[in-house]
Amino acid sequence: MMGTQDAPAQLFYDFDLERHVPAGHMLREIDRFLDMDGMREALRPFYSSLGRPSIDPELIIRMLVIGYVMGIRSERRLCDEVHLNLAYRWFCRLGLEGKVPDHSTFSRHRHGKFRDSDLLRKVFEATVERCLKEDLVSGEGFAVDASLIPADANKTRSIAASDWNADVARKAGNRAAQEYLETLDNAAFGAASPVQPKFVAKSDPAAQWTRADESRPYFAYATNYLIDTKSSVIMDVEATRAIRQAEVGASRTMLDRTEKRFGIRPEWLAADTAYGNAENLGWLVERRSIIPFIPVIDKSERTDGTFSRSDFEWDEKNDQYICPEGQALKQFRRNYSDPNRGKATGGRKKYRALKATCQTCPSKDICCPKAEARYVTREPHEEAREFARACRKTKAYKISRDKRKKVEMLFAHLKRILNLTRLRLRGPNGAKDEFLLAAIAQNLRKLAKLRPQCVQKEVSA
Ligand code: SF4
């Protein structure tokens with residue numbers, strides 16, 4: 001006989017929300033690691049002691065955490081989900097009848113007290129501290145990378161960069177444009193490159209018109225991750241313009257901030273070729289004593305069969321190169337009274353062989369067939385570049401290269417599981433908020449996965 005489901009005509013229930021959420025539910029696991037103690041203290045100076053009590057900022061943060069952990073991108077939908085889902089109500093401490101705030105509350109808090117107090121960064125740093133406490137961070141090797149996230153900007157509503165007018169945007173009261181103008185001197189945004197992009201999005205002028213590999217161009221921001229390679233914990237996150245200079249600058253900002261905040265400087269850093277320019281390698285090796293497991297950007301290798309610069313041996317003691325025929329290539333062959341001689345080439349030095357030697361050399365045809373004598377250049381920070389090249393030949397480099405993939409896996413997780421395929425908020429601050437919240441969610445999910453409650457109970461039993 002077919003059964004029928006009738007709503008029980010019961011008026012009162014004995015219902016315990018605490019017991020209703022299963023022990024292994026992800027939010028129950030995450031709840032153990034969400035440290036909100038410091039949050040109230042950080043916010044206290046931004047609230048008046050008079051007037052009506054505000055909506056609890058902890059409730060807003062807990063709702064935002066649910067949104068990013070569960071990949072709910074719309075704040076309207078998030079409010080509906082929290083209203084209906086019992087596990088979400090439990091996580092937000094709303095009970096069965098607590099009122100869910102209106103979706104507009106998020107925007108008010110974000111643009112107001114949260115941003116003024118830099119609250120999201122504090123919550124993020126609390127998750128890193130918890131990872132340290134749970135022994136998920138070794139501090140031995142870090143990896144850094146950036147990924148493009150499409151901005152909430154449309155090509156059809158963009159204009160040529162030359163037509164964009166700051167005064168018009170300012171008068172229109174566009175918040176994203178105002179933020180863009182405020183970041184013009186910021187190395188992560190306006191000051192990263194003097195090159196003007198082809199198009200500017202009127203709704204979000206800081207978004208970079210760019211493309212990834214073979215895709216069609218679009219407006220995007222870059223999210224930069226610095227991770228510890230032991231358990232893929234995100235040590236720092238930074239939003240930048242989607243250009244290489246800004247991303248390389250962000251890697252240094254994150255390394256310094258991690259050292260300042262947590263006292264951790266890694267022994268080595270793994271990154272891809274984008275981070276292998278002379279200046280960055282010099283900074284890592286000479287100023288921070290970090291081993292760079294980074295491929296060197298090297299344009300000196302020749303492919304026409306003639307000697308490359310790597311065929312010439314550097315003689316540090318005598319400040320000269322030795323060619324494959326054993327001849328010296330020098331920068332100066334006599335003493336000059338002008339101390340600035342040879343310094344006007346941006347730090348790049350030229351070492352020349354003697355014309356008479358090269359003219360009679362048996363290897364001239366495979367060394368300098370078209371020139372009278374051979375010269376090779378020495379780039380600034382060449383010692384650091386040579387050190388990075390030597391590191392690349394080690395076994396540790398191969399291990400670091402595999403560990404570097406962990407950042408890419410985090411970006412894939414960010415886009416596929418957390419649904420961060422397009423930004424919802426505009427402007428540099430919007431990108432910063434979204435990337436911080438996504439990193440908070442990823443670190444909390446990591447803690448829940450690697451330190452589950454049931455295992456801890458077994459250990460303590
Ligand atoms: S051509 Fe000049 S620099 Fe080249 S191998 Fe011969 S002597 Fe050395």
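Helix axes are lines fitted to C-alpha atoms over the stretch in contact, and the angle between two axes runs from 0 to 180 degrees between N-to-C directions. The model shown in these views is predicted.

**View A. Packing of helix 10 against helix 16.** Helix 10 spans residues 175–182 and helix 16 spans residues 427–450. Their axes lie 6 Å apart and form an angle of about 95 degrees, so helix 10 is roughly perpendicular to helix 16. Helix 10 contributes Ala 176, Glu 179 and Tyr 180 to the contact, while helix 16 contributes Gly 427, Pro 428, Asn 429 and Gly 430. Three of these contact residues are nonpolar, three are polar and one is charged.

**View B. Packing of helix 15 against helix 16.** Helix 15, formed by residues 395–416, packs on helix 16 at an angle of about 110 degrees, and the two axes are 11 Å apart. The two helices are therefore roughly perpendicular to each other, given that angles of 65 to 115 degrees are classed in this way. On helix 15 the contact is made by Leu 410, His 413 and Leu 414; on helix 16 it is made by Ala 438, Gln 442 and Arg 445. This contact comprises three nonpolar, two polar and one charged residues.

View C. The ligand takes up the space of the largest cavity.

Note on methods:
Residues are numbered from 1 along each chain as its sequence is written. This is a predicted model: local features need pLDDT of at least 70, side-chain atom pairs count only at pLDDT 80 or more; totals for chains, interfaces and linings use all residues. Side-chain values use heavy atoms; hydrogens and water are left out. On a 1 Å grid over the protein atoms alone, a cavity is a set of points where a 1.4 Å probe fits but cannot get out, and a pocket is an open set with protein on both sides within 12 Å along at least five of seven lines; lining residues have an atom within 4 Å of a point. A molecule sits in a cavity or pocket if more than half of its atoms lie within 2 Å of its grid points. Helices (H or I, at least four residues) and strands (E, at least two) are DSSP runs, numbered from the N terminus. Angles under 35 degrees count as roughly parallel, over 145 as roughly antiparallel, 65 to 115 as roughly perpendicular and the rest as oblique. Contact means heavy atoms within 4.5 Å. Ala, Val, Leu, Ile, Met, Phe, Trp, Tyr, Cys and Pro count as nonpolar, Asp, Glu, Lys and Arg as charged, and the others, Gly among them, as polar.
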